[in-house]
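Good morning, and thank you for coming. Please look at the structure on the screen while I go through some of its local features.

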Amino acid sequence: MSRLGQLTETEWDVVVVGGGNAALCAAIEAAERGCRVVILEGAPETYRGGNSRHTRNFRCMHSGPLSVLTDSYGENEYFDDLIRVTKGQTDEGLARLAIRTSEECLPWMEAHGVRFQPSLSGTLSLSRTNAFFLGGGKALVNAYYITAEDLGVTIAYEAQVTHVEVSGGRFDAVQVEIGGERLRVRGKAVVLASGGFQSDIDWLARAWGESARNFLIRGTPYNRGVVLKDMLDQGAESVGDPTQCHAVAIDGRAPQYDGGIVTRLDCVPFSVVVNRDGQRFYDEGEDVWPKRYAIWGRLVAAQPDQVGYAIIDSRSIDLFMPSVYPPIEADTIEGLAEALGLPPAAVRETIDAFNAACREGPFTPTELDGLATEGLDPPKTNWARPIVEPPFYGYSLRPGVTFTYLGLKVDHEARVTGPEGRYHNIWAAGEIMAGSILGQGYLAGFGMTIGTVFGRLAGQGAAAHVAA
Ligand SMILES: Cc1cc2nc3c(=O)[nH]c(=O)nc-3n(C[C@H](O)[C@H](O)[C@H](O)COP(=O)(O)OP(=O)(O)OC[C@H]3O[C@@H](n4cnc5c(N)ncnc54)[C@H](O)[C@@H]3O)c2cc1C
C-alpha cells in the first residue's frame, strides 16, 4: 500500500495533530498502550518539532535532589511563583496538576531518551527549578521521534491539518493536505497539539492592532492556529485572551520567524533602554532578569514603531549572554545614537540625566544590589551605574512573540470542552491549551511542563478510550 494510501485507508486508534513536544508525549503514551498511532506534522522533516525544538529546559517540582536538579522545589513554592507572574489568572486545579505531575515527568523523559545537563550559570540561573536538556530542545525532539518510531508510530511530514470533523460531540476524521493532495484520515480518538496562532500575523494584527505587523516570531512559522480556529468555529470552548502571549525583547535584527533562543537579549538590566525618540520608558532594573525578561516584549511593543534600543558601556559588555549578532559599537554616545538611527542630542540628554541620577555604591550584577537612581522618572532601581566608559554598545530591540495564550479549554484529563460538555474523543495538549493555565505572564520552563504533563495525559486518555 502507498504511504498516502496507508494514511487514508487505516482507521487509526489515535490521530495526533502536530509534531512538537506535546504531540510526541501523547503519541508515545498511546503507542505504549498498544494503539495504532499516526502523527500528522505540518512542517517538513527538517523543521519538525515546532517551538519545542527551540527550548532549553523545563520547570520541575521535586522534593529532593532529582537528576540534575539541586535542593528541592515544592508544589506551593512553584504555585506561588506561577501566581506572581500570572497575577492570579490561572486555573488552580489544572496548574497544581501540571506542577505535581512534573516531578514524575523527569524520570519518564529520561526513560524515553531525553538527557539532562546541569544548568549553565548565566543571566537565567535556574539550577534548582529548571532541568536543562542536553543538546537543547532539538535533541529532546529527536529522541522522542526515535522512541515513537521504535514503538511503531507512523509519522507524516508536511501534513497540514485543515479541518477536524466533529459530529454530535464525536471526532470522526481530520482533513489534511499533503503534497497538494487533500486527504481524510480517520481515527477513534484525536489529540490536538498544533500550537498557538502566533505565526499568523494577520490574526495577531486583528487581536493587537496593526502594530503586530512589526512583531517578530521567535519560533516555528508553522503554528498558524489553523486547527485552533477550526475548533473554535465549531463551538469548542475557548480560554485565554487573544492579546495575551509570551513575548520577550529580542535583537531587532532577528529574522521574522525561527530566530530561536540566540536572538534573545539579556542586557536590559545593565542598560539604559530608550525608544525611537531617545526617551527612557521603564525601569530597566526593576527585578532580576528571570522575573522581568517576559515583560519587555510587551513594553517594547507599546513604543512608537515597536522598537527599543539598549545602551551599555564597556564595563557591562561581558555581564550577560550575548545575542548571536554583535552589538553596534561607537566611541561616543552621539556616535552610537547615529549608528542606531536615533536622535543624538536626545540620547545624549537621556544618558546625561541618567548618569547624573546615579549614586555611589557597590554594583553587584548577580543579585538585586539596590543601586538605584535618585530623582529620575522612570527610576532604575538596581544596577544603576553611569554609562561613561567607551566604547559604547547598542542593540536594537523588537518584540519577539514566543506563543499565544488563546486556546482550547480542557479538563483535568486534557479533554476538550465543546458546546455540550466535553467532547467524546478529543484531547488537547501544549500551547493549544496552555491558556487554560497561563492567563497572562509566564514562568520560564513552564511551556514544556504543560506540554509534557498534558501530552502524556492526552495520550493515556485517548488510549483508554480506544481500549474501552
Ligand atoms: C525560542 C523559544 C525558546 C523557548 N524556550 C523554552 C524553554 O526553554 N522552556 C519552556 O518550557 N518553553 C520554552 N519555549 C516555549 C515552548 O517552546 C512551548 O511552550 C512548547 O514547545 C509547546 O509545545 P507544543 O508541542 O504545544 O508546540 P510546538 O512544539 O510548537 O509544536 C506544534 C506543532 O504543531 C505543528 N502544526 C501546527 N499547525 C499544524 C497543522 N495545521 N497541521 C499539522 N501540524 C501543525 C507544528 O509544525 C509543530 O510541530 C520556547 C519557545 C521559543 C519559541
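This is a predicted model: local features need pLDDT of at least 70, side-chain atom pairs count only at pLDDT 80 or more; totals for chains, interfaces and linings use all residues.

Trp 383 is buried, at a relative accessible area of 3%; buried means under 20% relative accessible area, exposed over 50%, and partly exposed in between, with a 1.4 Å probe and protein chains only. Residues are numbered from 1 along each chain as its sequence is written, and side-chain values use heavy atoms, with hydrogens and water left out.

Which residue forms an aromatic pair with Trp 383? The structure holds 17 aromatic pairs, and one of them joins Phe 270 to Trp 383, edge-to-face, with 6.0 Å from centre to centre and 70° between the planes. Rings of Phe, Tyr and Trp (its six-membered ring) pair if their centres lie within 6.5 Å; planes under 30 degrees apart count as stacked, over 60 as edge-to-face and the rest as tilted. Phe 270 lies in the loop between β12 (245–251) and β13 (272–274), and Trp 383 in the loop between α11 (344–357) and β16 (392–404), so the pair ties together parts that are 113 residues apart in sequence. Helices (H or I, at least four residues) and strands (E, at least two) are DSSP runs, numbered from the N terminus. Phe 270 also counts as buried, at 7% relative accessibility.

Most residues other than glycine have a negative phi, and most peptide bonds are trans. Trp 383, however, has a positive phi, near 55°. The peptide bond from Asp 377 to Pro 378 is cis, with omega near -5°, and Pro 378 lies in the loop between α11 and β16.

Ala 414 sits in the loop between β17 (407–408) and β18 (415–418), and is buried, with a relative accessible area of 0%.

Just after α10, Gly 341 takes a positive phi of about 80°.
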